[in-house]
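Here is a short briefing to read alongside your model. Please keep the structure open as you go through the topics below.

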Amino acid sequence: MPPRSPPRGSQSTASLERPQPGTGYVLLVRTAEGVEVVPVTGREVVVGREPGCDVVIDDESISRRHARVRFGSSITVEDLRSHNGTFIAGRRLPPNEPAALRVHEALAVAGIQIFIEPAPARPRAGAKVTSPRDGVVVRDPAMAQLYAVLEIVAMSPLRVLVLGETGVGKDVFARTLHAKSPRAARPFLALNCAALAESTLEGELFGYEKGAFTGALQAKPGLLEAADGGTVFLDEIGELSTSTQVKLLRVLESGEVLRLGSLTPRIIDVRIVSATNRDLRARVAEGVFRSDLYFRLNGTTMVLPPLRERVAEIEPLARSFAEAIAATLGRAAPKLDPGALEKLQGYAWPGNVRELKNVIERAVVLRPAGALRAEDLVLEGQFEAALAPATAAPRPSAPVAAASPDGGLWGELEVVERQRIVDALAATGGNQSAAAKQLGIARATLIKRIEQFGLARPKKR
């Protein structure tokens, strides 16, 4: 059971709680339900099952008053004659004898792990956090809270499971966590578990020896071995095959990796950050994902909200993406006019931040000058609509030979569309059915577009 708030209110154990500035430390209390962040507001914290304790853990293995942690020039832990013991580095503490505890070191209260971590400064909504590769914009209160917890968890040895919809920014979150951790100077290596076939994935993950299989002309260390001392980010972890799950579980349990074709394991020290847009608990219930691997990966779970719930971040993200793509094109960053901003903020963003980035980059590329307008932003389904005027908003039917300099996105799309139709008709010898199939549109739509562009109708054969 997770810790619950004590009635006297001196400590809080709410999930994803932001520690108050100036307290110095927080406790990360790891239970079967995940990790709770408990701010330390005094010089002493009593952990136990009794309601009057500072940190109340409602678990039968915990004594009513189990252990005391004191904070001063050093941190000490004292077992309060508990039934199931208090442990540091696997050593059971004698009752009522204070023992030193280092920051980041695991304290076991019966079967519950507790880590003492420095409390970060409270982030302000609107603060901008940067990761090594991508700008991370934090404007939404829920995201500010997540990044406050990230600061704490990053310093701990806990494995992290990042959940969220596709395109929500799980990879950026993982990179930021690595950059904030003591492992920041060591490698950060990422692997998409859904992008490779099982045999290839195992070779990339665990490595192989020369001659381990056909084509293995020389030995190669796997991702886990190459990232020794650093962090490995496993995206789409829910797509791992059962056999690969077993091998990964063995690595997590033993701290050793065995290359394919080798008999000698290699000791490694890596932190695993995994991510998925799947419901792993449901996949465990279905029997397609191992429960023991799930609990090994889930040191703590961080859930990223979708972009549609972070409307305050849409504008700064859009501006950031526009500045980045404009810089690569050697242009000044375009502004967003009010209509464009209203369109962005009113959209549901099924593809989340990744979709927003694609929309902005496409608009900047196709709009060589001037502010981005609402009509320059082609959202999901509107490319298809551009090729299907029967369902799209009416547009001029005059033949288009070239885009007007200020014709915007639609003008440039017309040019591309007309040329594609001309090319398809030429490639199919004027066969309208074959050309429509090549273009991926209905034959009736093709005929309408031929007429709209003033092209000569191919003769029937």
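Thr 86 is buried, as its relative accessible area is 0% (buried means under 20% relative accessible area, exposed over 50%, and partly exposed in between, with a 1.4 Å probe and protein chains only). This is a predicted model, in which local features need pLDDT of at least 70 and side-chain atom pairs count only at pLDDT 80 or more, while totals for chains, interfaces and linings use all residues. Residues are numbered from 1 along each chain as its sequence is written, and side-chain values use heavy atoms, leaving out hydrogens and water.

**The chain overall**
- The protein chain has 14 helices and 23 strands (DSSP runs numbered from the N terminus, with helices being H or I of at least four residues and strands E of at least two).
- Of the 461 residues in the protein chain, 46% are buried.
- Among contacts in the protein chain with a separation of 6 or more, 63% are between residues 24 or more positions apart (contact means heavy atoms within 4.5 Å).

**Around Thr 86**
- Thr 86 sits in strand β8, which covers residues 86–88.
- The side chains of Thr 86 and Asp 79 are joined by a polar contact of 2.6 Å (a pair of N or O atoms within 3.5 Å; within protein, one must be able to donate a hydrogen and the other to accept it, and residues adjacent in sequence count only if both atoms are side-chain atoms).
- Not counting residues up to four places away in sequence, Thr 86 touches a set of residues including His 66, Val 77, Arg 91 and Leu 107.

**Around Asn 352**
- Asn 352 belongs to helix α10 (residues 352–366) and is buried, with a relative accessible area of 0%.
- Its side chain makes a polar contact of 3.1 Å with the side chain of Glu 165.
- A polar atom of the Asn 352 side chain also lies 3.0 Å from the backbone oxygen of Thr 166.
- Leaving aside neighbours within four places in sequence, Asn 352 is in contact with Glu 165, Thr 166, Gly 167, Val 168, Pro 306 and Leu 307.

**Nonpolar cores**
- The largest nonpolar core has 30 residues, and the members touching the most others are Leu 28, Tyr 147, Val 160, Val 162, Phe 173, Val 273 and Met 302 (a core is a set of buried Ala, Val, Leu, Ile, Met, Phe, Trp, Tyr and Cys residues joined through side-chain atoms within 4.5 Å).
- Elements giving two or more residues to this core include β2 (25–31), α1 (141–154) and α2 (170–179), and α1 gives the most, with 9 residues.
- A second, separate core of 26 residues includes Leu 161, Leu 205, Val 251 and Ile 268.

**Helices α3 and α5**
- Helix α3 (residues 198–206) and helix α5 (residues 242–254) pack at an angle of about 10°, with axes 11 Å apart (axes are lines fitted to C-alpha atoms, for helices over the stretch in contact, and angles run from 0 to 180 degrees between N-to-C directions).
- The two helices, α3 and α5, are therefore roughly parallel to each other (angles under 35 degrees count as roughly parallel).
- Among the residues that meet are Leu 201 and Leu 205 in α3 and Leu 248 and Val 251 in α5.

**Around Leu 258**
- Leu 258 lies in the loop between β20 (256–257) and β21 (266–267) and is partly exposed, at 42% relative accessibility.
- Not counting residues up to four places away in sequence, Leu 258 touches Phe 206, Leu 263, Thr 264 and Pro 265.

Technical notes
Parallel < 35°, antiparallel > 145°, perpendicular 65-115°, else oblique.
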